[in-house]
Amino acid sequence: MKFWEFIGSLDRRIIFLIIGLAVFIPLLAPLKLPVITTPTTEDVYNAIDSLEAGSKVLVSFEYGPSTQPEIEPMAIALARHLFRKKCEVVGMALWPDGQFMSTLVFDRIADKEFGLTWGKEYVNLGFRPGGEAVIKGIAREFRANYTQDVRGNSVNDLPIMEGVYSVKDFDFIFSLSAGYPGTVEWVLYAADPYKIPMSSGTTAIQVNEVIPYVKGGQIYGILAGMSGAAEYETLIATPDDATKFMDAQSIAHLLIVVFIVVGNISYIVQRRKQN
Amino acid sequence: MSRDVWILVSLGLVAALTAVTIGFISWGVSNHAIGFGFWIGSLLTLGIFSYLYKDNAFYKFSEHLFVGVSASYWIATYYWTQIDTNLWGRLFPAQFPHAGHQQNLFYVIPLILGLFMLARMIPSIGWISRWSLAFIVGLYAGLRLYGFLQSNIMEQTRDSLRPLYIPGSFVDSLNNTLIVVGVICALLYFFFSREHTGAFGVASRVGIFFLMISFGASFGFAVMGRISLLIGRFNYLIQASDASTGYASAVVTAGMVLLLGIGALRSRGDTQEA
Amino acid sequence: MFWKTQIPVFIVFVVGMLTLLQWFIPHYPLNQIQVHMTQWFDIIAVFAIVLGGLNLLKLQFAKITARQKDWQYALVTIVSFFVMLVFGFTRMGLSPDDGVRLGSHLQQEGSNFHWMFFNVFTPLSSTMFALLAFFVASASYRAFRIRNAEATLLLVAGIILMLGRVPIGHLLTAWAPSYLQLPAIQEWIYSVPNLAGARAIMIGIGLGMVATSLRFILGIEKSFLGGDE
């Protein structure tokens, strides 16, 4: 009995230490657990895979450093898939941090890995403030808001923007979203009213907010947090950071389940004792 | 020395460090060559993490630095991405040719409404900011009324109207029935204009079960998300402990543990004396 | 009264109706009005951010002058605010002949603003959020108790989802038939009962949002005017 009382009154700093080690150790000594894909991730993969070469895809970066570990791996995997399919990718951001995040992804994948040409095969238009008002505005007239890219080039001089005058001129929209404004706003003000095919990758915490749109057929699939990114990496056969981090994620989840079980046993034992 | 003096001396040291940092950057010293960014990044990362031990000066410093830097970061990015291109660019196209706009003097209206917003800082004329706020509220209301009606109500209702019996597929029939029953019962739970008793009470109770499963899933996703972010930060600290960075995070961790340890011993000594 | 209450209510009505109408009549001139109104909104949003910055400064100065608890740290906020502001509006860190325009310098590697973003803002912002992982773990241990049927459902759903979505969930139940393995069970929970609950919440929020928007446009709801309307 005393053991369970001791367990029940454990200093929270010991819990912090245990969870810290459970995350830290697998990062140093990976277990290489196999990643299993889920149907919603496969839906995203299939939607992107069915795009024809030369399709214009708008990728919106709605995340920042605070959620970078979850979304960046999916942004990288998505960029690889899109560029392998020879799609033309236009990046934009509804979060100010998003334009820094998109620059990291484009520099690494489009520029260094694929050696693509800025303005022809991809471009980064950067951030515009206003959230859903930006979406609504560019749904009508893209160039009223975006007149230049992040490097200061005029949008009118970019070959990739030829024929793009509103969001409706894109073949596909992909929202990499960590909250508001993000996937929900893209569905409400672009995908649904103008019937533009869309898909998204979100933070785990946002998944339940978006899942009714996915199951309702309003968007094609969803990449759910870091595990969604790992699944996508598996599907494109290029394992990267998310796959590597799945070991730490697995062990931490298991530990939290153990915490819940132990905490409840201690609670039940103490309640019985009181009764 | 009093607590205030200690804090001021520490802050003085940190301010000196900040000044040296800015000096280094401004004089063009390559940050990547000396891994200087990793040192600052590690210091701030561990400064925030030190809160797990207890509230302390490192954490407070990092927290206040975050607030100050964020505010200016937002102002600068918002200004350059909107005001410079889409406001000045329309009002003064000759002076801002890079914006690529033609002159449109109607844009003096959002400028005035924006300035009205700033009037909130002066209590005597603060009420004028209501006009700017009214514009924002009106646009939001007009956008959301239609958006939510179509995507959240109509589309969700449409997909919930599923056939309860699908010939040859027991599982699909069961799933569809559960979704239809679950959505209706959970919506009934939100209906507070009637007392939850009798058949209505049973339905709303069933609704609670579906909502609880949904909250459980949200909890699972919340855990997943937070752990992912922690993994990201730990991965950064591992990268920052590389020899090329001068073992930045390892040294900073050791230093911080030492300082917090000394602090703990001092406070224990003070308590015993008292 | 007229200037302070009726004019704002009138602005909400006009702007709200114009925005609403163009969903149904997407033609000239409503479509053009919409393009510019969304731009105006975006511009006013910037001033709202500036207001936030000024308000922050005001509060921090008040903290110092009143010598409130931990007032010394307010200095850190003020100094860092101005340092970042200077970096945001100058090309500091870049050489004069590199051709990078002011404004584009935010994204330019080598500019002080860029350096501050990646080495100060990024670690601070990401660690603030990562910190919550520890508190979620602690809460799981100390707060999640099986007190009744509802709490049990919540916990069981959470646990199955947590394990089923990561590789270890597959390993733990690899011995079972495929439909009883954790990934399959979590997929069913995620796609059926969870969907029903999440959808009901979404419809509920939708109804609330539509009603509130309508109340604003029609001038019934005036809470945005503040207390002394």
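Biologist: How much of chain C is buried?
Modeller: Of its 229 residues, 46% are buried, where buried means 20 or more other C-beta atoms within 10 Å of the residue's own, exposed means 12 or fewer, partly exposed is in between, and C-beta atoms are placed from the backbone. Before we go on: this is a predicted model, where local features need pLDDT of at least 70, side-chain atom pairs count only at pLDDT 80 or more, and totals for chains, interfaces and linings use all residues. Residues are numbered from 1 along each chain as its sequence is written, while chains are lettered from A and ligands numbered from 1 in the order in which they are written.

Biologist: OK, and what is the secondary structure of chain C?
Modeller: Eight helices and zero strands. Helices (H or I, at least four residues) and strands (E, at least two) are DSSP runs, numbered from the N terminus.

Biologist: What radius of gyration does chain C have, against a compact globule of 229 residues?
Modeller: Chain C has 26 Å, but a compact globule of 229 residues would come out near 17 Å. That value is taken over C-alpha atoms, and the globule rule is 2.2 Å times the number of residues to the power 0.38. The box around the C-alpha atoms of chain C is roughly 65 × 50 × 45 Å along the principal axes.

Biologist: Switching to chain B, how many helices and strands has it got?
Modeller: Nine helices and zero strands. Chain B has 274 residues, and 45% of them count as buried.

Biologist: What share of the chain B contacts with a separation of 6 or more comes from residues 24 or more positions apart?
Modeller: 30%. A contact here means two residues whose C-beta atoms, placed from the backbone, lie within 7 Å. For chain C the corresponding share is 28%.

Biologist: And where is confidence lowest in chain B?
Modeller: In helix 2 (residues 31–34), with a mean of 48, whereas helix 5 of chain B is highest at 97. The score is pLDDT, the predictor's confidence in each residue, from 0 to 100. Residues 29–33 of chain B stay under 50, and the model has five contacts beyond four places in sequence for them. Chain B as a whole averages 88, with 86% of the residues at 70 or above.

Biologist: How many residues does each chain put into the contact between B and C?
Modeller: Chain B gives 105 residues and chain C gives 109 residues. On the chain B side, helix 4 makes the largest share, with 25 residues.

Biologist: How do the residues on that chain B side divide into nonpolar, polar and charged?
Modeller: There are 70 nonpolar, 28 polar and seven charged. Ala, Val, Leu, Ile, Met, Phe, Trp, Tyr, Cys and Pro count as nonpolar, Asp, Glu, Lys and Arg as charged, and the others, Gly among them, as polar.

Biologist: Which residues of helix 7 in chain B are buried?
Modeller: B:Ile179, B:Gly182, B:Val183, B:Cys185, B:Ala186, B:Leu187 and B:Tyr189.

Biologist: What covers them?
Modeller: The cover includes helix 6 and helix 8 of chain B, together with helix 8 (193–217) of chain C.

Biologist: Last one: what about chain A's helices and strands?
Modeller: Chain A has 11 helices and six strands. Of its 275 residues, 60% count as buried, and the C-alpha trace spans about 75 × 35 × 30 Å along its principal axes.
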